[in-house]
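Please read them with the coordinates open.

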Amino acid sequence: MRLRNITGSREMIAASDYVIHEPQQYRGNWTEIFGNDHPIRIEIGMGKGRFIMDLARMNPDINYVGIEKYSSVLLRGIQKMEAEPLPNLYFIRMEAEEITQVFGREEVDRIYLNFSDPWPKDRHAKRRLPSREFLRRYDEILRKDGVIEFKTDNHDLFRFALDELEPAGWHLDQVTEDLHHNEEMMRGNVMTEYEEKFSSLGNPIYKYIISR
Ligand code: SAH
């Protein structure tokens with residue numbers, strides 16, 4: 001097997017100023033990191049980070065945090081930030097299950113989930129980022145008037161995500177089973193890396209926006 005040369009990605013992340021290294025320390029005090037009290041929006045499972053970097057560049061008065069569990073993937077985002085530093089964006093390398101230890105009650109203004117891992121086996125349903133278990137965590141950290149925006153090309157994951165809403169106390173604000181042909185929901189759409197790949201294969205993109 002040929003392994004890509006990712007040796008040292010942990011070390012490179014540990015040395016990066018674009019990464020918050022002990023994020024639990026800032027729980028409830030993220031304004032300190034950014035030096036202002038602008039709203040904070042997060043992407044959970046940001047991958048290489050193009051989506052959140054595009055948002056941060058377009059919206060300098062909003063703060064962004066990109067969360068990713070794999071160092072090798074996060075490193076790509078860090079390299080992009082080195083080429084183009086954005087003052088309103090930081091990254092965290094962490095497992096999303098710990099999100100309530102990192103953000104305080106209602107500290108987050110919006111949550112983005114893009115092309116989350118499907119975890120197709122039933123016994124892994126709890127690991128799916130739009131599951132009721134995760135919705136409960138988001139409920140803690142998200143402002144009462146905040147929303148979650150979720151995009152995927154995975155039909156089964158989307159159906160699952162829709163079924164989780166009512167039991168968890170959330171409702172649909174907007175929904176489409178073909179985002180790229182929905183003029184209203186497509187307005188201002190920022191493509192993610194996966195979205196570009198899968199939509200170019202002809203897959204429809206599903207999206208919901210939910211609130212409580
Ligand atoms: N959002 C990007 C990447 C999608 S792939 C895009 O749309 O292009 C899903 C990403 O989520 C992967 O990089 C994976 O490592 C990350 N991820 C999945 N589960 C996670 C979890 N529980 N905590 C943190 N990151 C997670």
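This is a predicted model: local features need pLDDT of at least 70, side-chain atom pairs count only at pLDDT 80 or more; totals for chains, interfaces and linings use all residues.

1. Numbering runs from 1 along the chain as its sequence is written.

2. The largest nonpolar core has 38 residues, and those with the most contacts inside it are Trp30, Ile42, Ile44, Phe103, Ile111 and Tyr138. Helix 6, residues 155-168, supplies the largest share of this core, with 6 residues. In soluble globular proteins, nonpolar side chains tend to be buried together.

3. Trp30 deserves a look of its own, given its place among the residues with the most contacts inside the largest core. Leaving aside neighbours within four places in sequence, Trp30 is in contact with Ile20, Pro23, Ile40, Val65, Ile92, Val102, Phe103 and Glu107.

4. The structure holds 12 aromatic pairs. Phe115 is buried, at a relative accessible area of 8%, whereas Tyr194 is partly exposed, at 47%.

5. Phe150 and Phe158 form a stacked pair, with 6.1 Å from centre to centre and 25 degrees between the planes, and both residues are buried. Ring pairs also connect Phe150 and Phe158 with Tyr206 and Tyr208, and the four make up a cluster.

6. Charged groups also lie over aromatic rings. The charged end of Lys197 sits over the ring of Tyr194, 5.0 Å from its centre, while Arg128 lies over the face of Phe160, at 4.5 Å from the ring centre.

7. Of salt bridges, the structure holds 12. Glu196 pairs with Arg50, the closest N and O atoms being 3.3 Å apart; because Glu196 lies in helix 8 and Arg50 in helix 3 (residues 50-58), this bridge ties together parts that are 146 residues apart in sequence. Glu196 is partly exposed at 39% relative accessibility, and Arg50 is partly exposed at 25%.

8. Helix 8 takes part in another bridge, in which Glu193 meets Lys80 of helix 4 (residues 71-83) across 113 residues of the chain, with the closest N and O atoms 3.0 Å apart. Lys80, at 27% relative accessibility, and Glu193, at 26%, both count as partly exposed.

9. Asp139 forms a salt bridge with Lys144, where the closest N and O atoms are 4.0 Å apart, and Asp139 counts as partly exposed at 29% relative accessibility. Elsewhere, salt bridges that share partners join Asp54, Arg57 and Glu84 into one network.

10. Where does Thr100 lie, and which residues does Thr100 touch? Thr100 is in the loop between strand 3 (89-93) and strand 4, and, not counting residues up to four places away in sequence, Thr100 touches Arg27, Arg137, Glu140 and Ile141. With a relative accessible area of 18%, Thr100 is buried, because the cut-off for that class is under 20%.

Definitions and conventions:
Side-chain values use heavy atoms; hydrogens and water are left out. Rings of Phe, Tyr and Trp (its six-membered ring) pair if their centres lie within 6.5 Å; planes under 30 degrees apart count as stacked, over 60 as edge-to-face and the rest as tilted. Buried means under 20% relative accessible area, exposed over 50%, partly exposed in between (1.4 Å probe, protein chains only). A charge sits over a ring if NZ of Lys or CZ of Arg is within 6 Å of the ring centre and within 35 degrees of the ring normal. Helices (H or I, at least four residues) and strands (E, at least two) are DSSP runs, numbered from the N terminus. Contact means heavy atoms within 4.5 Å. A nonpolar core is a set of buried Ala, Val, Leu, Ile, Met, Phe, Trp, Tyr and Cys residues joined through side-chain atoms within 4.5 Å. A salt bridge is a side-chain nitrogen of Lys or Arg within 4 Å of a carboxyl oxygen of Asp or Glu.
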